[in-house]
Structures are given as C-alpha cells and as structure tokens.
Amino acid sequence: MELLGNLALGLSVAGSLAGLGYCLLGVTLGTLVGVLPGIGTMATLAMLLPITYHLEPNYALIMLAGIYYGAAYGGSTASILLNLPGTATSAVTGIDGYPMSRKGQAGVALFMTAIASFVGSMFGVVLLSLFSVPLARVALQFGPQEYFSLMFLGLIAAALIGSGRSIRSLAAVTLGLALGLVGLDLNSGVARFAFGMPELFDGLSLVAVAIGLFGLPEIIANAGRIINTPPEAKTISFRSMLPSREQWRRSRMPMVRGSGIGAFFGALPGTGGVVATFISYATEKKLSRHPEEFGKGAIEGIAAPEAANNSAVQAAFIPTLSLGIPGDPVMAIMLGVMMVHGILPGPNVIAGNPDLFWGLVMSFVIGNIFLLVLNLPLIGIWVKILSIPYHLLFPVIVAFVCIGIYSVNFQVMDLYVLLFFGFLGWGMKSLNFEVAPLLLGFVLGPMMEENFRRALIVSNGEVSTFLTRPISGVIMVVSLAIIAWFVVAGLRHVAGRGRRTSENQNA
Amino acid sequence: MLDYLKSRREDVIAGLVTIGVGIFILTEAFDYRLGTLTRMGPGYFPMLLGVIMCLLGCILVLFSEPDAPQGATADRTVKRGVILVTVAFLAFALLIERVGMVPSVTVAVFLSALSNRSTSWLTAAILAVGTAAACWLIFSLLLGLQMKAFW
C-alpha cells in the first residue's frame with residue numbers, strides 16, 4: 001500500500017490551491033498554444049522559463065508539464081477544422097479528422113479526440129506511476145555503459161523507426177550530437193566549436209535551437225497565408241458532438257491499441273509522440289476491415305493516433321524522471337528547470353523528492369480532467385480563437401518568441417543562434433533531411449559523450465564493455481538488431497532497384 | 001546510366017553536403033587533443049562523429065534512398081515572409097540592448113506584420129504599438145522581467 005500513500009502525498013501537492021492553480025494555468029495555456037498553429041510548446045516554455053525560476057520547483061514543473069500535455073490536446077483542433085496541425089504530433093489526426101469535418105462531423109471528431117486523448121493520457125499516467133519507481137531502483141545500479149547504451153538505442157530508434165530516409169536521419173542525429181558539444185569541454189576546459197566567441201562557451205541555447213528549427217519555418221510558412229474559418233466550425237453544438245453507438249464501438253479498440261503503442265514509443269527516449277501517431281495510424285489501417293475508409297473520415301483514424309500521442313506524452317516522463325534521460329527537447333527543458341532548483345536529474349529524483357514526483361503524477365490526473373472540461377463543453381472558445389486572423393496573430397508571436405529567447409540568458413547571441421538554426425532547418429528540409437533527429441542528438445550529445453568517456457575509463461579502454469555488462473549488453477544487442485534490420489532492408493531495396501533498371505533497359 | 005545518376009542528384013548533393021560537414025567536424029576535432037580510448041581528450045568524440053558523418057555521406061552518394069519526394073520549393077509569398085521575418089528578428093537582436101524592449105518589439109512586430117500582403121502599413125503600425133504596449137504591461141509591470149523597457 002506504499003502506492004496509496006505516495007498518491008496521497010502527491011494529491012496533497014497537486015490538490016493544494018497553488019497546485020490546482022498552476023495546473024489549470026498550464027493546461028489552459030497548453031491548449032491555447034496547441035490550438036494556434038505557429039506557436040509551439042517550446043516557444044511557450046521559453047517565454048515562461050524565466051518566471052518559473054521564482055516558483056517552487058513542484059509548481060514550476062506542474063505548470064510546464066501542463067503546457068506540454070495540454071498542447072497535445074489542443075493540437076488536434078486546428079488539424080480537424082482547418083487541416084492545419086497545431087502541433088507536429090497532430091498532423092496524423094488531420095488525415096481523417098479534416099474529411100470528417102467536411103462531412104459535417106467536426107463535432108464528433110473533436111469529441112472523439114478529447115476522449116481518446118484522455119484515455120491515452122490516463123494509460124500513460126498509470127504506467128508512469130507503476131514503473132518509474134522500480135525502474136529508478138534498477139537504474140541505481142546503472143553505470144555509464146548502461147546510460148550510453150540507452151541513449152544509443154534511443155537515437156537509433158528515433159532515426160530509423162518511422163522514417164523513410166534512414167541514412168539522412170542518422171546523419172541528422174550525428175550532426176545534432178556534434179552541435180551538442182559546442183562550448184567548453186567540462187573535462188579539459190577546451191572550448192570546442194566556439195570559434196572564439198565567448199557567448200558560445202556555455203553551449204548553444206536549447207530553446208533557440210529548437211525554436212529555430214521548428215518554430216521559425218512554421219511562422220514563415222504561414223506568414224503569407226490568409227486562413228478563413230470554415231463554416232463547419234461555427235455550428236458546433238454539444239449535441240452535434242456526441243458520437244453514435246456505432247462510432248463508439250469502432251473507436252474502442254483503436255484507442256486501447258493506440259494507448260499501448262504510444263506508451264511504448266513515449267517511454268523509449270527519442271522516438272516519442274510523432275512516431276507513435278504514425279505507427280498507430282498505420283496499424284489501424286492494416287487491422288481495419290474497411291481500410292478504404294481511411295483518409296476519408298474513418299473515426300479509428302483519429303481515435304488511435306490521438307490516444308497514442310497523449311499516452312506517449314505522459315510516458316515520456318518515465319525515462320526523464322526515473323533515469324534523467326530526456327526523451328525529447330521539452331523533457332530536456334524540464335530537467336533544466338529541476339537543475340536550476342538544485343535537483344540533480346537521475347535515478348535519485350523520485351526517492352529524494354517524492355513530493356515532486358508524486359505531485360506531478362497527481363497533477364497529470366487533475367490536469368487531464370481539466371482538459372476534458374476545456375475540450376468538451378468549452379470547445380467553442382477554442383474554435384473562436386482559431387478564427388483570429390493569422391496574419392494579425394503571427395507578428396505578436398514573433399515578438400513573444402524574441403522576448404522569450406532573449407530573456408532566458410539575456411544574450412543577443414541566442415537570437416542569432418535562432419536565425420542560424422532557422423536557416424539550417426530550412427536548408428535541411430530542402431535536401432529532404434528531417435530536423436527532429438538533429439534536435440534529439442543535440443539534447444543527448446553532452447550526456448552521451450560524458451558517459452562514453454566514463455565507460456571507457458572504467459573499463460580501461462575496452463570497447464566490449466558495452467556488450468559484456470548484462471543490461472547494457474541487452475540494450476546494445478537490440479540496437480544492433482535494429483541497425484541490422486535496416487541494413488538488410490536497404491540492401492534488398494538497392495538490389496531490387498538494380499534488377500528493375502536492368503529490366504527496363506532490356507525492354 | 002545517365003538517367004540513373006540524374007534521378008539521384010538530390011541524394012548525391014545531400015551526401016556531398018554530409019561529407020563536407022563531416023570533414024569540417026574532423027578538421028575541428030584534430031585541433032583538440034585526441035587522447036586515447038582510456039583517457040579521451042576533447043577531440044576524441046567529435047572525431048568519431050566526423051568519421052560517422054563522412055561514412056553516412058558516402059553511403060548517400062553511392063546508394064539512393066527509397067522514394068524521396070520533392071523538397072521545399074520557395075514561391076514569392078514565402079520569399080517575402082522569409083526576408084521580412086528574418087529582418088524582424090535581426091532588428092530585435094540589434095535593438096534590444098540599445099533601446100530596450102518596447103521600441104524593439106514595435107519594430108519587430110511592424111516588420112513581420114508586413115510580410116503578409118493583405119496587411120496594410122496602418123494595420124501593421126497599430127498592431128506593433130498595441131503589441132509593444134501589451135508586452136510592456138505583461139513582462140515589465142506584471143512579471144517584473146529584468147529587461148529594460150525603454151532606453
């Protein structure tokens with residue numbers, strides 16, 4: 001009954017007036033930025049970061065986490081109504097959500113995404129509360145080998161799974177790792193890749209890099225666009241939102257499967273929500289008895305990815321809080337906030353700060369209930385917000401991004417970093433490189449190098465140490481198996497194409 | 001054969017760029033002390049990354065990747081957005097430490113607002129002043145952010 005005691009402790013933190021207030025603030029802001037295309041979670045976190053330094057760490061994290069999972073709810077709204085995903089993870093929801101709204105079923109689609117999101121989130125929270133403590137206990141015995149192998153697996157999985165261009169993704173990850181090394185080397189004090197600029201000695205600002213890669217292209221792409229609210233959006237009444245019995249029945253299993261897929265990829269550092277949504281969508285399409293309906297408004301096509309997305313978001317806290325390995329940039333920011341408050345990320349966080357961990361867990365439950373209210377009876381408000389003309393909104397976003405990035409370190413250099421990465425992201429996209437793996441490499445780069453070095457010091461330079469230690473060995477074998485799988489698939493593809501070209505030449 | 005090469009031009013360019021970045025990382029890495037596997041210097045890990053980059057680049061040049069769709073194309077509306085939004089960020093960066101938040105926000109919002117053709121000068125100006133006022137209210141008065149509001 002240790003769990004009950006812990007949950008009660010969590011409730012005393014999250015259920016306090018301040019806890020409830022910051023949670024509500026977080027999820028409301030999260031929904032808002034999720035609904036609005038062009039402001040990502042990162043930009044919002046960047047803006048609020050300076051404020052959180054003055055808050056108690058429990059409440060700071062409750063609020064920041066609320067923004068993160070709140071945005072996962074809100075992202076689907078614009079996706080369904082405008083076919084314009086509010087967040088990257090809700091792109092899949094638009095595939096079937098938008099056709100549904102064209103058929104006058106926008107209400108049903110919005111209702112189902114809220115329910116699926118709730119189901120997925122709760123599934124993720126349950127896993128988080130069940131597995132984090134045992135995982136942290138195991139992780140206390142982890143050496144640098146295990147940490148390195150885990151991050152290696154995360155990066156390999158992120159680059160290879162769910163990406164059509166595996167070599168490019170691997171190159172992006174590698175570049176990200178190198179960019180993560182910019183700054184002073186902690187062991188030797190040598191400034192690397194700093195080109196004599198002392199502003200770079202502390203490394204590149206994560207917020208500037210992330211917004212540069214993702215936020216800036218989004219703002220620019222939408223800057224010239226004029227978006228009109230579709231008429232479907234104005235006629236959403238609560239009655240029109242209720243799904244039919246048939247629709248309920250068809251959504252049930254996809255939600256369950258989506259939650260499972262989401263939790264798996266969310267807990268694996270590196271892959272996360274985007275991959276989970278794509279895979280759960282593909283799974284439903286494959287399992288469905290009427291795959292031809294997918295893309296034309298199949299309700300399974302929104303229920304599964306939405307459950308997967310939100311389950312992944314909650315499960316992402318598992319490696320972050322129990323191992324100290326951030327699965328995505330947002331998690332890296334959360335760890336940064338913890339460090340500002342003197343909490344060292346790693347397996348000791350849960351045991352050393354039970355109020356923080358269980359407070360967060362309970363705040364997820366409360367926050368998701370808030371979100372259900374925000375997204376069902378109050379959905380009309382968000383739809384109205386969507387009808388704010390974007391060409392008047394994005395200059396305001398530009399201003400907030402500027403202030404947000406500048407105020408993290410009060411360094412003008414961070415703004416140049418933002419622009420540099422904006423152009424880098426644009427250049428990479430035009431050569432068909434994905435930027436998400438780069439960002440992940442960037443986040444994990446310093447930790448990976450540190451653990452790689454330490455592992456080899458401990459083992460006296462034996463590289464085999466990663467394979468001979470049991471836990472590390474298993475993780476490494478899994479990673480190598482994934483690589484082998486892709487090498488074989490790649491070779492088959494090359495061989496197949498060679499045969500086809502020679503046939504063409506003969507014909 | 002020529003068609004085959006041409007269809008893979010994008011992969012070849014991507015591969016060459018990757019190799020170029022890899023070589024750049026390598027040259028930087030060799031500037032730092034490499035050390036040995038047991039006692040790695042600051043250059044060792046970057047050196048490994050540079051080697052991996054070069055290898056991946058070579059693979060890209062040699063083998064094409066499965067069905068690569070078209071990359072991003074820039075039309076005129078996008079170009080206008082790229083230029084004006086970039087200039088807006090640059091203006092903010094150049095102004096913020098000289099004249100403070102309120103004037104910098106005004107300029108940045110005004111410039112970025114103009115990147116949409118349907119926004120008139122007047123609308124942009126009103127939006128800029130309004131946003132600056134709101135930022136002043138939120139960040140300086142309410143949140144007490146340590147940022148100069150005016151010069």
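User: In what order do the elements of chain B run from the N terminus on?

Analyst: This is a predicted model. Chain B has six helices and zero strands. From the N terminus on, the order is α-α-α-α-α-α.

User: What percentage of the residues in chain B is buried?

Analyst: Chain B holds 151 residues. A residue is buried if 20 or more other C-beta atoms lie within 10 Å of its own. The buried share of chain B is 38%.

User: Among contacts in chain B between residues at least 6 apart in sequence, what share joins residues at least 24 apart?

Analyst: The count takes in contacts in chain B between residues at least 6 apart in sequence. Of these, the share joining residues at least 24 apart is 55%.

User: Which spans of chain B does the UniProt annotation "transmembrane region" cover, and how far apart are the end C-alpha atoms of residues 121-145?

Analyst: The unreviewed UniProt entry places "transmembrane region" at residues 12-32, 44-63, 83-101 and 121-145 of chain B. In the model, residues 83-101 are 95% helix and 0% strand, with end C-alpha atoms 22 Å apart. Residues 121-145 are 88% helix and 0% strand. Their end C-alpha atoms lie apart by 30 Å.

User: Is Val17(B) buried, exposed or partly exposed?

Analyst: Val17(B) sits in helix H2 (residues 9-31) of chain B. Within 10 Å it has 17 other C-beta atoms. Burial needs 20 or more, and exposure 12 or fewer. The count for Val17(B) is 17, so the residue is partly exposed.

User: How far apart in space are Val17(B) and Ala113(B), C-alpha to C-alpha?

Analyst: In sequence, Val17(B) and Ala113(B) are 96 residues apart. In space, the C-alpha to C-alpha distance is 35 Å.

User: Which helix gives the largest share of the side of chain A that touches chain B?

Analyst: On that interface, 55 residues of chain A are in contact with 65 residues of chain B. The elements of chain A that give two or more residues include H3, H9, helix H20 (412-430) and helix H23 (470-506). Helix H19 (390-409) is also one of them. The largest share, eleven residues, comes from H19(A).

User: How many residues on the side of chain A that touches chain B are charged?

Analyst: By class, 36 residues on this side are nonpolar and twelve are polar. The number of charged residues is seven.

User: Which residues of H6(B) make the contact with H19(A)?

Analyst: H19(A) brings Leu392(A), Pro395(A), Val396(A), Ala399(A) and Ile403(A). By class, the contact has eight nonpolar, one polar and no charged residues. The residues from H6(B) are Leu127(B), Thr131(B), Cys135(B) and Phe139(B).

User: How is H3(A) oriented to H9(A)?

Analyst: The axes of helix H3 (residues 41-52) and helix H9 (residues 206-223) of chain A come within 9 Å and cross at roughly 150°. Angles over 145 degrees count as roughly antiparallel. H3(A) and H9(A) are therefore roughly antiparallel.

User: Which residues of H9(A) does H3(A) meet, and what is the handedness of the crossing?

Analyst: Met42(A), Ala43(A) and Ala46(A) in H3(A) meet Val207(A), Ala210(A), Ile211(A), Phe214(A) and Gly215(A) in H9(A). This contact has seven nonpolar, one polar and no charged residues. The crossing of H3(A) and H9(A) is left-handed.

Methods. Residues are numbered from 1 along each chain as its sequence is written. Chains are lettered from A and ligands numbered from 1 in the order in which they are written. This is a predicted model: local features need pLDDT of at least 70, side-chain atom pairs count only at pLDDT 80 or more; totals for chains, interfaces and linings use all residues. Axes are lines fitted to C-alpha atoms, for helices over the stretch in contact, and angles run from 0 to 180 degrees between N-to-C directions. Helices (H or I, at least four residues) and strands (E, at least two) are DSSP runs, numbered from the N terminus. Angles under 35 degrees count as roughly parallel, over 145 as roughly antiparallel, 65 to 115 as roughly perpendicular and the rest as oblique. A crossing is left-handed if the near helix is turned anticlockwise from the far one by less than a right angle, and right-handed if clockwise. Two residues are in contact if their C-beta atoms, placed from the backbone, lie within 7 Å. Ala, Val, Leu, Ile, Met, Phe, Trp, Tyr, Cys and Pro count as nonpolar, Asp, Glu, Lys and Arg as charged, and the others, Gly among them, as polar. UniProt positions are given in the numbering used here, feature names are shortened, and annotations may be inferred rather than shown by experiment.
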